[in-house]
Amino acid sequence: MASGQYCIFVSFEVKPESLAEFKEIMAVDAVETRKEPGCLRFDLLQVQGSETKFCLYEAYKSEEDAKFHATTAHYKMWNEFKTTKGGVVDGTYAKVITNAADFHQ
């Protein structure tokens, strides 16, 4: 059992009119995030029965690795989409940060 991994779980709903742009951004963000040396896992999950509800599950070796991720160009595209461009439905964005109690890689 590994310990100390820094995990992030995010849930949100994308505005229907922004769905195509979201998918383009996440195609880049997912691929590039998985290349980061501190990234252990990056999953984009779609809620069953919904075209617009998604979750992100991210696991990093450390909090520092997660902080590094937030400085990258691919993260900034996602952040701009959800904030400046308003691509996420207001009130649906939720983020939980955890340390892995039993992380399987």
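Contact here means heavy atoms within 4.5 Å. By that rule, Lys-95 touches Ile-8, Phe-9 and Val-10, not counting residues up to four places away in sequence. This is a predicted model, in which local features need pLDDT of at least 70, side-chain atom pairs count only at pLDDT 80 or more, and totals for chains, interfaces and linings use all residues. Residues are numbered from 1 along each chain as its sequence is written, and side-chain values use heavy atoms, with hydrogens and water left out.

**Packing of H1 and H3**

- Helix H1 spans residues 19–35 and helix H3 residues 73–82; they pack at an angle of about 150°, with axes 8 Å apart. (Axes are lines fitted to C-alpha atoms, for helices over the stretch in contact, and angles run from 0 to 180 degrees between N-to-C directions.)
- That angle makes H1 roughly antiparallel to H3. (Under 35 degrees counts as roughly parallel, over 145 as roughly antiparallel, 65 to 115 as roughly perpendicular and the rest as oblique.)
- From H1, the contact involves Glu-21, Phe-22, Ile-25, Met-26, Val-28, Asp-29, Glu-32 and Thr-33. H3 meets them with His-74, Tyr-75, Met-77, Trp-78 and Phe-81.
- By class, the contact of H1 with H3 has eight nonpolar, two polar and three charged residues. (Ala, Val, Leu, Ile, Met, Phe, Trp, Tyr, Cys and Pro count as nonpolar, Asp, Glu, Lys and Arg as charged, and the others, Gly among them, as polar.)
- Helices (H or I, at least four residues) and strands (E, at least two) are DSSP runs, numbered from the N terminus.

**The buried side of H3**

- His-74, Tyr-75, Trp-78, Phe-81 and Lys-82 are the buried residues of H3. (Buried means under 20% relative accessible area, exposed over 50%, partly exposed in between, with a 1.4 Å probe and protein chains only.)
- They cover an arc of only 120° around the axis, so they sit on the same side of H3. (The arc is that of the directions from the helix axis to the C-beta atoms.)
- Their cover includes strand S1 (6–13), H1, strand S3 (53–60) and helix H2 (63–69).

**Strand S4 and the segment after it**

- Lys-95 lies in strand S4, residues 94–99. Lys-95 is partly exposed, at 44% relative accessible area.
- Val-96 is also found in S4 and is partly exposed at 47%. Beyond its neighbours within four places in sequence, Val-96 contacts Cys-7, Ile-8 and Phe-9.
- Gln-105 lies in the segment after S4. Gln-105 is exposed, at 67%.
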